[in-house]
Every structure is written in C-alpha cells, then in structure tokens.
Amino acid sequence: MAAAMASAAERAVLEEEFKWLLQEEVHGVLRQLQDILKEASHRFALPVGGTEGPVKQENFMLGTSSADQVKGVLMLQGDALCQADINLKMPRNNQLLHFTFREDKQWKLQQIQDARNHVNQAIYLLTNRDVNYQFKTGSEVLKLMDAVMLQLTRARNRLTTPATLTLPEIASSGLTKMFTPALPSDILVNFYINLNKLCLTVYQLHALQPNSTKNFRPTGGSILHNPGAMFECGSQRYEVSHVHKVECVVPWLNDALVFFTVSLQLCQQLKDKISVFSSYWNYRPY
C-alpha cells in the first residue's frame, strides 16, 4: 500500500516536472535556437547598416607562395562571386595567363544560397509557434525538433559536401563563359564551397589524338578530378594533365558551421530530456 502511494506520488511529481518542461523549458530552448539561427542567417546575408542594407563585398586572396601555379583575387558578395582575377602559370612553357570575370557577369554559389534557405526554413519552423502556444505531448516537441534538425543538417551538408560533377558538366557549365579573355579550350575551372573554404580548381587538359593507343575510359562524377582523368566533349577526347587547387578561408562560413553544431546539440538535448520523461511511464512518443 505504502509502495503504491509512493509510486503514485512519484508519478505525480514527474508529471508536474514534465508539464513544466512542455510549458516553460521547451519555449526557452526555442528562443535560444531562434537567436542562434538569426545570427547564422545574418552571416549569410552579410548586411551593412541594417538587415536590409546592401550586401558587403569581401576580397579573398588565392595562392600564397611564389611556387603557386594559380594565384588570384576573388570578390564575394553574399552568395555570389562578383569578380575573379586569376593568374595561371602554364607548367609546360611557363607562359602566364590572366583572366577576369566579364563586367556583366556574376557567379552564384548555389551551396551558400541553399544553406541560407535551409536556415531560414528552420527559423520559420521555430517561430511558427508563439510564446503562448501550449505543447500538449512530448511527441509534438520531438516532431518539431526532428523537422528543425533536418533543415540544419541539410544546411550544414550543403557547405560540407560539394557537388560531384563530371568533366563534361564542368566543360558545359556557364562558368566557362564568364571570363575575359575567353578560357582556352584546354583549360577548365570550377568554384565551390568546402566547409569554411572557397575553392578554385583549374584543370589543364591534353587533347587525345584520334589514333591514340590509350585505353579511353570516361571518368564519372567527382568533387576533384585527378590527372589522367578522361572525358569526351563534342567529338574531341581529352585527358587531364595538371590539376591546381587553391582555396581561402571565409570566416563567416566558419561562424555559420559553429552555429549549426550548437543548434543541433540544443535540439538533441531537448529530445533526450523528453525521452527520459517518456520512459518513466512507458510512453512512446512516436
């Protein structure tokens, strides 16, 4: 009898604590998440003098040593490369080539745009329930946290996992038409984000002769293609002879990745608390 009463009293205390968790602590975590993700969103927008101000332009240096085959300056404005000034030293004859973006062209970095969209979607999910909203069950909170975590994971993955492209896809990309003077037919370039870095890869190509005895094996999709990779473009077959990759750190991308990690940890901690309470009375939230 006494044990049963103790069990009932214990259950009543747990239910009160769980009720407080749903009504108070959950909203506290939601406010924290909103604050963190709004900071992350501001990093992507890079506002100047207010949230709706013009987006700041930032210059980044590529190549640091005298031995670098590729050097240059990239100008980043939010999610767009608005200017690129690139010097390329050709290894076979030490010829120096110089390319810049045409004045009427900008190159959108889809990874940054997508990551920002996922962050904004996470903020929308969090602000969709105002401070007076009453969560009724642990299941409801878990579903919200799962939805927010999905958006944050997608945002992080867009920055940490560049697209795998085939060499013909790079060759036919609009990026090849961005430069003045026009890129020679034996040069391919690709820009992408990898974690907190802005990367430029330059591929120098060797045209294979029609009577070449090389065993032609087209290369599939990859983030970075190695020398020896082969592909066909039009009626011409090519082999990659040299690959040059240079990169620069974008500090605000590093900030954003830290905000994603902290936010995901907060979501997981709240889920764990809900699950602990649920396990006391064998309540399965799904």
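Reader: Leaving aside its neighbours within four places in sequence, with which residues is Ala122 in contact?

Author: In this predicted model, Ala122 lies in helix 2, which spans residues 110-127. Ala122 has a relative accessibility of 0% and therefore counts as buried. Once neighbours within four places in sequence are set aside, the residues in contact with Ala122 are Leu37, Val148, Gln151 and Leu152.

Reader: How many residues apart in sequence are Ala122 and Leu150, and how many Å apart in space?

Author: The sequence separation between Ala122 and Leu150 is 28 residues. From C-alpha to C-alpha, the distance between Ala122 and Leu150 is 8.5 Å.

Reader: How many disulfides does the structure hold?

Author: A disulfide is a covalent bond between the sulfur atoms of two cysteines. The cut-off applied to a pair of cysteine sulfur atoms is 2.5 Å. For Cys199, the closest cysteine sulfur belongs to Cys248 at 7.9 Å, which is too far for a bond. The number of disulfides in the structure is zero.

Reader: Is Cys199 buried or exposed?

Author: The limit for a buried residue is a relative accessible area under 20%. Cys199 has a relative accessible area of 0%, so Cys199 is buried.

Reader: Which residues line the largest cavity?

Author: The count of cavities of 30 Å³ or more is one, and the largest cavity has a volume of about 30 Å³. Its lining divides into seven nonpolar residues, with no polar and no charged ones. The lining residues are Ile86, Leu88, Phe99, Phe179, Leu183, Val189 and Val202.

How values were computed: Residues are numbered from 1 along each chain as its sequence is written. This is a predicted model: local features need pLDDT of at least 70, side-chain atom pairs count only at pLDDT 80 or more; totals for chains, interfaces and linings use all residues. Side-chain values use heavy atoms; hydrogens and water are left out. Buried means under 20% relative accessible area, exposed over 50%, partly exposed in between (1.4 Å probe, protein chains only). Helices (H or I, at least four residues) and strands (E, at least two) are DSSP runs, numbered from the N terminus. Contact means heavy atoms within 4.5 Å. On a 1 Å grid over the protein atoms alone, a cavity is a set of points where a 1.4 Å probe fits but cannot get out, and a pocket is an open set with protein on both sides within 12 Å along at least five of seven lines; lining residues have an atom within 4 Å of a point. Grid points are joined across faces, edges and corners, and a volume is the space filled by probe spheres set on the points. Ala, Val, Leu, Ile, Met, Phe, Trp, Tyr, Cys and Pro count as nonpolar, Asp, Glu, Lys and Arg as charged, and the others, Gly among them, as polar.
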